Amino acid sequence: MAFTVFILQLAVRILSLPMYLLNFLGLWGWICKKWFPYFLVRFCVMYNKQMAGKKQELFSNLQDFAGPSGKLSLLEVGCGTGTNFKFYPPGCRVTCVDPNPNFEKFLFKSIAENRHLQFERFLVAAGENMHQVADSSVDVVVCTLVLCSVENQEQMLREVCRVLRPGGAFFFIEHVADKHSTWNYFWQQVVEPAWYLVFDGCYLTRESWKALERASFSKLKLQHIQAPLSWVLVRPHVYGYAVK
């Protein structure tokens, strides 16, 4: 089976040669950063519709982690277009972090549509280096569909722990690798060389739950599910929250 995967991956790489050439020349990253927000706007409409129940369930207890003032301070890492805003409680103070500055205009459109939130700032930064955010300064950190594409999951989770106050929580929804015995995992491996380039550094075969289990949280509540999505390759998900 491994040999079959190798041969099919080679075929995918050959078919993707123009993208690999542009990537080698340093042009593909620029192109991808420009077009990806436009794709994500459309994808997130579908994703939110199909995952609304799971998001509502997960985010229903965000307010439980508010600090003594009663106002929830929330940092969203990899905020993208602001697709999670409608699930946040009224009065929530939101800071957004994303390494792609091209999301900004879409983000501010979402802010205008979600007046129940108190938006604080948008920071152009990678999740692995959020030095603009002070230690122990937020009640909750949220990331959805982010751990699949960060360069260093462990470093990002260390940053999450750094910025969370003691007793704060990290909420996540992530697509992950399927069980290794499945045909879906077989095809995840086959198409990943092209998928990674097309979808701005996204890996299909990451076992992100392992990084979450290794992180220095005092409590981790994590569930594996097959998400009710049209795109079969990204149906395997983990979601839940962890407490510092």
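## Exercises on a predicted chain

Of the contacts in the chain with a separation of 6 or more, 74% are accounted for by residues 24 or more positions apart, where contact means heavy atoms within 4.5 Å. The structure is a predicted model, in which local features need pLDDT of at least 70 and side-chain atom pairs count only at pLDDT 80 or more, while totals for chains, interfaces and linings use all residues. Residues are numbered from 1 along each chain as its sequence is written, and side-chain values use heavy atoms, with hydrogens and water left out.

**Exercise 1.** Describe the elements and the overall dimensions of the chain.

*Solution.* Begin with the elements: the chain has seven helices and seven strands, which are DSSP runs numbered from the N terminus (helices H or I, at least four residues; strands E, at least two). Read from the N terminus on, their order is α-α-α-β-β-α-β-β-α-β-α-α-β-β. Next, take the radius of gyration, computed over C-alpha atoms and compared with a globule rule of 2.2 Å times the number of residues to the power 0.38. For 244 residues a compact globule would have a value near 18 Å, and the chain agrees because its own value is 18 Å. Finally, the C-alpha atoms fill a box of roughly 60 × 35 × 30 Å along the principal axes.

**Exercise 2.** Locate H175 and describe its surroundings.

*Solution.* Start with the element, for H175 lies in strand β5, residues 164-175. Then consider its accessibility: H175 has a relative accessible area of 4% and is therefore buried. Leaving aside neighbours within four places in sequence, H175 is in contact with L145, C148, C202, Y203, L204, V234, P236 and H237. One of these, L145, is 30 residues from H175 along the chain, and the C-alpha atoms of the two are separated by 6.3 Å.

Notes: Buried < 20%, exposed > 50% of the residue type's maximum accessible area, 1.4 Å probe, protein only.
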